[in-house]
Amino acid sequence: MIKAAITALAGYLPNNIVTNFDLEKMIDTTDEWITSRTGIKQRHIENDPKKATSDMAVEAVNLLLKKRGITASEIDLLICGTVTPDMVFPSTSNLICAKIGATNAWGFDLSAACSGFIYSLATGSQFIETGRYKKVVIVGADMMSRIIDYSDRTTCVIFGDGCGAVLLEPTTEDVGIKDFILHADGNGVTHLHMKAGGSLNPASMDTVTNKMHYVYQEGQSVFKHAVYNMAEVSAKIMERNNLTAKDVTWLAAHQANKRIIDATASRMGLGAEKVMMNIERYGNTTSGTIPLLLWDYEKQLKKGDTLILSGFGGGFTWGAVYIKWAYDGASL
Ligand code: UT7
């Protein structure tokens, strides 16, 4: 049976770093508050106004191709999970493909907020499993700084810019994407959304004056839903695959808040040594968090390792993916 395996990965973060101490000078906050409530110490923010989400993705995908030793023309499909597309249309996926020269690929953007990467990964895996395609690139990319109000202390301390990308290829070995569970509940819209810029509230003087083009989040409500759902879906994917905590090598959970990640690990019975964490350096990069975790931990990953990826985001959207890792990261 053909499975989809991640065979290469890469990431990209803009050079400019904004620390909690920098934010202390801009808004009424403290390093102590941000660190204790979220686990974040700094985030990368693109400060070149000419750069957009596709530019981060181009850096990550080009590095990915170089690592795997293949050309852009070999890519069949490129899916980009993002809520900060360069434009409403054409899709960021199309723009990335044009910029890297992926002339034989088609693609689309997938809007699932912080679950963008796991939704895209699950979707892309199906095109491999059917035997239709041999090389599918999954990008998780968000330039959150372009939709954040830097006078709103409840949101601006959390988010950062960043991007990760993985290559999916077919395998008949006992590795690759073994299972996934995805959920959505559109009733969550009230707690986390961007009010304007779509067909409901198209851009106008009023929408700009009323700051409707920024992320609106009711933090506590989102927190409660995230803790419950991310923990439950992670436990459920273990149960239905007969995995105990001992069997799981790594948890790669969406990096929104260290307290949410800790609660998920605890529900799964995992010790901190099995939990990938980089929120302190990057903050919440939305679709970027999970591939950036894999990128940071790649050298520690071994063929046959059991990984659980899990996420929760606006929508609400949430889910988990069970992977048997396909290569030794240390050999790269
Ligand atoms: O990634 C997609 C999904 N998003 C999430 O998963 C985010 C989930 N939510 C959270 O992570 C947390 O709710 C936040 C980090 C957003 C907020 O943390 P919290 O512990 O829930 O704080 P809170 O909203 O209950 O606010 C507590 C207090 C408030 O002051 P009062 O009303 O008690 O006087 C806030 O005004 O903290 C205040 N506050 C701040 N103080 C200093 C809110 N933001 C800040 C800040 N600095 N940056």
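## Strand pairing and the ligand shell

I308 stands opposite Y322 in strand β13. The model is predicted: local features need pLDDT of at least 70, side-chain atom pairs count only at pLDDT 80 or more, and totals for chains, interfaces and linings use all residues. Residues are numbered from 1 along each chain as its sequence is written, and side-chain values use heavy atoms, with hydrogens and water left out.

**β13 and its partners**

I308 and Y322 belong to a pairing of β12 (residues 306-313) with β13, antiparallel over eight bridges. Strands here are DSSP runs of E with at least two residues, helices are runs of H or I with at least four, and both are numbered from the N terminus. Two strands pair if DSSP finds at least two bridges between them. β12 and β13 form a hairpin, with three residues between them. In that turn, G315 has a positive phi of about 140 degrees.

β13 also pairs with β8 (residues 176-184), again antiparallel and over eight bridges. Here I177 stands opposite I323 in β13.

How many residues of β13 (residues 317-324) are buried? Eight of the eight are, so the strand is largely enclosed by the rest of the structure. Buried means under 20% relative accessible area, exposed means over 50%, and partly exposed lies in between (1.4 Å probe, protein chains only). In a regular strand, side chains alternate between the two faces of the sheet. In β13 both faces are covered. T317, G319, V321 and I323 are buried on one side; W318, A320, Y322 and K324 are buried on the other.

**Other covered elements, and an exposed proline**

Strand β1 (residues 3-12) is mostly covered, with nine of its 10 residues buried. Nine bridges join β1 to β7 (residues 161-171), and the two run antiparallel. A8 stands opposite L167 in β7.

Helix α11 (residues 289-297) is largely enclosed by the rest of the structure, because seven of its nine residues are buried. These are T289, I290, P291, L292, L293, L294 and Y297.

P49 lies in the loop between β3 (42-44) and α3 (53-68). P49 is exposed, with a relative accessible area of 72%. Its C-alpha atom is separated by 9.4 Å from that of R146, 97 residues apart along the chain.

**The ligand shell**

| Residue | Protein atom | Ligand atom | Distance |
|---|---|---|---|
| R37 | polar side-chain atom | oxygen | 2.7 Å |
| R153 | polar backbone atom | nitrogen | 2.9 Å |
| H254 | side-chain N or O atom | oxygen | 2.9 Å |

Taken alone, the ligand exposes 960 Å², and the protein buries 75% of that. Accessible areas come from the Shrake-Rupley method with a 1.4 Å probe.

How values were computed: Polar contact = N/O pair within 3.5 Å; in protein donor to acceptor, adjacent residues only side chain to side chain.
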